[in-house]
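Take a first walk through this structure with the chain in view. Start with its overall layout, then follow a few residues.

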Amino acid sequence: MTDLFITIAETEADQQACFAVRREVFVEEQNVPAELEYDEQDATATHILARDTHTNTALATARLLHYKPGIVKIGRVCVLAPARGRGVGAAIMEFAWDEAMRRGYTEAQLGAQVTVLGFYEKLGYESFGEEFLDAGILHRMMRKSRPV
């Protein structure tokens, strides 16, 4: 998608836009309880925001969390329904990966909803471990490592 601007959400307004996208996708669309969607990790996470360059409308978000030495956890990845199927999700994941590598991480992990495992596999992520429930939704862990 060429009409997309992705950045680290450094301002309060950008962070609130990230939370609004998450509310629409996870809380309203997928019925995740708000008290599970927003957590203490939001305060220390690096939030990423994708906007339409023409309208400045927030379209997608993700967050990065330090997980273990050398490993970053990408989470809360979501794209608003009208923007799906246009490459927005792949673009924000590429940005998240590039940012993690720029910060010196060598691996990224994420808990993916099983319905979108194929999306992450196309981006080079591999499943590992058993399926698990998170907020009542079946997930599986995935990871991608920097080539040596």
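**From the whole chain to single residues**

From the N terminus on, the elements of the chain run β-α-α-β-β-β-α-β-α-β-β. The chain is as compact as a globular protein of its length, because its radius of gyration is 14 Å, close to the 15 Å that the globule rule gives for 148 residues. That radius is taken over C-alpha atoms, and the rule is 2.2 Å times the number of residues to the power 0.38. The elements come to four helices and seven strands. Helices (H or I, at least four residues) and strands (E, at least two) are DSSP runs, numbered from the N terminus.

This is a predicted model, in which local features need pLDDT of at least 70, side-chain atom pairs count only at pLDDT 80 or more, and totals for chains, interfaces and linings use all residues. Residues are numbered from 1 along each chain as its sequence is written, and side-chain values use heavy atoms, with hydrogens and water left out.

The C-alpha trace spans about 40 × 35 × 30 Å along its principal axes. Of the 148 residues, 45% are buried. Buried means under 20% relative accessible area, exposed over 50%, and partly exposed in between (1.4 Å probe, protein chains only). Among contacts with a separation of 6 or more, 59% join residues 24 or more positions apart. Contact means heavy atoms within 4.5 Å.

Now turn to helix α3, residues 88-102. Its 15 residues should span 21 Å at 1.5 Å a residue, and its end C-alpha atoms are 21 Å apart, which agrees. The expected span is 1.5 Å times one less than the number of residues. Which residues of α3 are buried? They are Val88, Gly89, Ile92, Met93, Ala96, Trp97, Glu99, Ala100 and Met101. After α3 comes Gly104, with a positive phi near 95 degrees.

Ala83 counts as buried, at 1% relative accessibility. Not counting residues up to four places away in sequence, Ala83 touches Leu59 and Val88. Leu36 is 47 residues from Ala83 along the chain, and their C-alpha atoms are separated by 25 Å.

Is Gln109 buried or exposed? Gln109 is buried, with a relative accessible area of 7%. Leaving aside neighbours within four places in sequence, its contacts include Tyr67, Ile71, Lys73, Phe128 and Arg143.
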